[in-house]
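Visitor: Could you walk me through this one? I'd like to start with the terms and then go region by region.

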Amino acid sequence: MKIQWQVNFRRLPAGLNGIAVPVSIVVNLTNAFGQSDETSRFVARYLLAQHADLFFADALILVEGTAERVLLPHFIRRGFPRVDQGYVTILEVGGSHAHRLKPLVHHLGLTTLVVTDLDAQEKKVTPATDSVKEKISYHAAQPKLGAGLTTNNDTLKTWLPQKSSLDELLDGAVIKRLPGDLMHEVCVAYQTPVEVIWPETAATAQAALPYTFEDALAFENMAFFGRLEGAGLVRKFREAIAGATDVAKIGEQLFEALRNNADNGAFALNILVAEDFESLKIPRYIGEGLEWLDNQLRRKQVELLSTEPAVADV
């Protein structure tokens with residue numbers, strides 16, 4: 001079945017091009033993804049099966065996996081009222097596919113937050129022998145600075161911030177926002193170093209560098225996960241934290257647990273039913289991303305109601 005992309009709409013603010021009221025225009029997406037290829041097929045089939053409603057959304061949030069998709073609405077409800085009240089579509093696409101939606105995001109002018117993972121990897125070289133050529137392979141690795149690690153995340157490599165080196169990605173000066181037009185910007189949020197005070201009576205903080213959403217959540221909520229009941233990944237997290245004082249060693253165990261875990265949905269559901277769920281802290285990188293989105297939607301609301309020409313946020 002051939003997908004007809006032409007009939008889609010994009011909202012423009014009041015004051016743009018001398019028009020005093022908000023309007024919608026038809027945008028032609030026929031060539032947005034180029035010729036029929038893997039990217040165009042993925043986008044067409046995914047949207048038909050999942051979320052064609054994004055064509056009418058105020059904003060879009062792309063998330064990495066099931067755990068983020070389950071917990072993010074609860075994080076939004078707590079402290080980001082404009083995001084909570086808006087028509088915001090949340091899509092679970094994974095780090096290997098989020099970048100495929102880039103043409104659609106830009107053509108529709110969708111304000112977009114990409115919540116993705118650092119996905120550190122290390123390069124391994126198998127020396128050549130008389131009968132076998134040198135072999136280069138990449139393997140998942142616990143994040144470390146100064147170790148020559150790279151990311152396996154195509155979104156970070158090809159969309160934002162278009163960097164592969166882990167050291168560069170974790171440089172605080174790296175720009176993680178992509179200014180768009182008057183109504184649309186893109187921001188990417190991924191794991192950054194976390195200062196952890198553990199045990200809770202410790203006098204100084206220890207540095208932790210999460211690999212993915214689950215361990216980032218754990219590092220922000222060590223006491224919570226140290227007592228959380230459950231099997232699978234929850235049990236492994238609890239055992240890694242119990243009685244431990246070295247955050248670096250805890251991180252190693254969390255990383256190994258994540259590598260062998262196949263059910264992040266069960267992990268999220270265990271968290272949801274916890275009696276002290278409301279005490280759970282939002283991972284900093286997600287909180288910063290949601291704060292950015294909340295501010296963007298507030299600005300968009302003002303501009304849509306204004307009769308003055310909109311001014312881009314610097």
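Guide: Helices and strands here are DSSP runs, numbered from the N terminus: a helix is H or I over at least four residues, a strand is E over at least two. This is a predicted model, where local features need pLDDT of at least 70, side-chain atom pairs count only at pLDDT 80 or more, and totals for chains, interfaces and linings use all residues. Residues are numbered from 1 along each chain as its sequence is written, and side-chain values use heavy atoms, with hydrogens and water left out.

Visitor: How many helices and strands in the protein chain?

Guide: The protein chain has 12 helices and 12 strands.

Visitor: And what share of the residues is buried?

Guide: Of the 314 residues in the protein chain, 47% are buried. Buried means under 20% relative accessible area, exposed means over 50%, and partly exposed is in between (1.4 Å probe, protein chains only).

Visitor: What about contacts between residues 24 or more positions apart?

Guide: Such pairs account for 68% of the protein chain's contacts with a separation of 6 or more. A contact means heavy atoms within 4.5 Å.

Visitor: On to the loops. Which peptide bond is cis around Pro199?

Guide: The one that joins Trp198 and Pro199, with omega about -5 degrees. Pro199 sits in the loop between β11 and β12. Pro161 belongs to the loop between α5 (154-158) and α6 (166-169).

Visitor: What's the phi of Gln162?

Guide: Gln162 has a positive phi of about 60 degrees, although it is not a glycine. Gln162 is also in the loop between α5 and α6.

Visitor: What does phi look like at Asp119?

Guide: Positive again in a residue other than glycine, near 45 degrees. Asp119 is in the loop between β5 (111-115) and β6 (120-126).

Visitor: Is Asp119 buried or exposed?

Guide: Asp119 counts as buried because its relative accessibility is 14%.

Visitor: Change of topic: helix packing. What are the numbers for α7 and α10?

Guide: Helix α7 covers residues 213-220 and helix α10 covers residues 247-259; their axes come within 10 Å and cross at roughly 150 degrees. That angle makes α7 roughly antiparallel to α10. The axes are lines fitted to C-alpha atoms, for helices over the stretch in contact, and angles run from 0 to 180 degrees between N-to-C directions. Under 35 degrees counts as roughly parallel, over 145 as roughly antiparallel, 65 to 115 as roughly perpendicular, and the rest as oblique.

Visitor: Which residues of α7 and α10 make the contact?

Guide: On the α7 side, Glu214, Asp215, Ala218 and Phe219; on the α10 side, Val247, Ile250, Gly251, Leu254 and Leu258.

Visitor: And how does α2 pack with α7?

Guide: Helix α2 (residues 66-79) packs with α7 at an angle of about 45 degrees, and the axes are 11 Å apart. So α2 is oblique to α7. From α2, the contact involves Ala67, Glu68, Leu71 and Phe75, and from α7 it involves Phe213, Glu214 and Leu217.

Visitor: What else does Leu71 do? How far is its C-alpha atom from that of Leu272?

Guide: The two C-alpha atoms are separated by 7.8 Å, while Leu272 and Leu71 are 201 residues apart along the chain. Leu272 is in helix α11 (residues 264-272). At a relative accessible area of 26%, Leu272 is partly exposed. Neighbours within four places in sequence aside, Leu272 contacts Val70, Leu71, His74 and Phe277.

Visitor: Where is Thr212 found?

Guide: Thr212 is in the loop between β12 (206-208) and α7. With a relative accessible area of 9%, Thr212 is buried. Beyond neighbours within four places in sequence, Thr212 is in contact with Asp117, Gln191 and Leu258. Leu258 is also one of the α10 residues in the contact with α7.

Visitor: Last one. Where's Thr192?

Guide: In the loop between β10 (186-189) and β11 (194-196). Thr192 counts as buried, at 14% relative accessibility.

Visitor: And what does Thr192 touch?

Guide: Not counting residues up to four places away in sequence, Thr192 touches Leu170, Lys176, Ala208, Leu209, Pro210 and Arg284.
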